[in-house]
Amino acid sequence: MVVLTHTNIELRLSCQNLKNKDLFSKSDPQIVVFEFNPVRSPLHAGTLLNSKLSGDERRTFWSSSSGPSDPNAWREIGRTEVIRDDLNPKFITKISMPFIFEEMQLLRFVVLDIDSQAFRIEDHDLLGVYEIPLSGIVSAQGLKKPLLRGGTISIVANEVSENKRNVNLQFSGRGLDKKDFFGKSDPYYVISRIIGQHSVAVFKSEVIKKTLDPNWRPICLPLNEICG
């Protein structure tokens with residue numbers, strides 16, 4: 001029996017300058033990540049990644065993208081949260097997976113505009129697609145690449161730490177700037193960390209409505225979320 005060497009990693013994702021698919025507001029993006037499954041459909045040598053989408057403009061991306069076209073050849077490994085009304089989303093939800101040193105792990109990142117509760121990706125507007133081997137993400141120590149259909153995607157990989165300690169934090173604000181015309185601001189905060197040369201979001205607080213002196217609820221975060 002062959003034992004494959006691997007390490008567990010987390011992918012942190014963000015997008016920039018996505019196309020707006022909504023008429024009266026901005027798009028509501030989510031990223032769904034797939035891994036190619038060679039057992040279901042063999043990957044042919046010389047497959048070109050990121051060629052142009054086919055011109056039929058169908059919502060489904062299975063036959064449009066440049067990788068293997070059989071939907072059964074792809075296994076979903078994770079989804080980010082949906083971020084409302086944002087063409088430059090920084091997703092908090094991480095995509096966790098093993099990085100297997102001896103295998104070719106082809107990933108497909110599908111950016112969707114979510115406008116309903118439907119689970120199937122074919123029921124949502126497609127904002128962009130990007131494909132890359134996982135090894136290319138790990139070796140790049142963070143990358144920013146164009147999406148098919150416009151905009152860019154940023155992907156940062158980091159190894160999962162064995163540090164199990166937590167840190168308790170609580171934040172408040174006083175005398176914040178008033179940004180709303182008819183009422184007070186609706187503040188929230190985001191905690192980010194630097195991985196390589198990239199800033200990635202690791203936590204987003206709740207929104208507190210109509211206050212300039214917010215007191216956010218206490219949080220408990222794994223220490224490795226903040227400082228690795």
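Here's a walk through this protein chain, from the whole fold down to one glutamine.

First, a bit of housekeeping: this is a predicted model, so local features need pLDDT of at least 70 and side-chain atom pairs count only at pLDDT 80 or more, while totals for chains, interfaces and linings use all residues. Residues are numbered from 1 along each chain as its sequence is written, and side-chain values use heavy atoms, with hydrogens and water left out.

The protein chain has two helices and 12 strands; these are DSSP runs, with helices (H or I) of at least four residues and strands (E) of at least two, numbered from the N terminus. Of its 228 residues, 44% are buried, meaning under 20% relative accessible area with a 1.4 Å probe, protein chains only.

Now look for an open sheet of four strands, in the order β3-β2-β5-β6 with antiparallel pairing. Two strands pair if DSSP finds at least two bridges between them. At the edges sit β3 (74-79) and β6 (125-133), each pairing on one side only. Inside the sheet, β2 and β5 (residues 106-113) share seven bridges; one example is valine 33, whose bridge partner in β5 is phenylalanine 109.

Next, zoom in on glutamine 30, which is in strand β2 (residues 29-36). Is glutamine 30 buried or exposed? It counts as buried, because its relative accessibility is 10%. Beyond its neighbours within four places in sequence, glutamine 30 is in contact with several residues, including Phe91, Val111 and Ile114; contact means heavy atoms within 4.5 Å. A polar atom of the glutamine 30 side chain also lies 2.9 Å from the backbone oxygen of threonine 80.

Notes:
Buried means under 20% relative accessible area, exposed over 50%, partly exposed in between (1.4 Å probe, protein chains only). A polar contact is a pair of N or O atoms within 3.5 Å; within protein, one must be able to donate a hydrogen and the other to accept it, and residues adjacent in sequence count only if both atoms are side-chain atoms.
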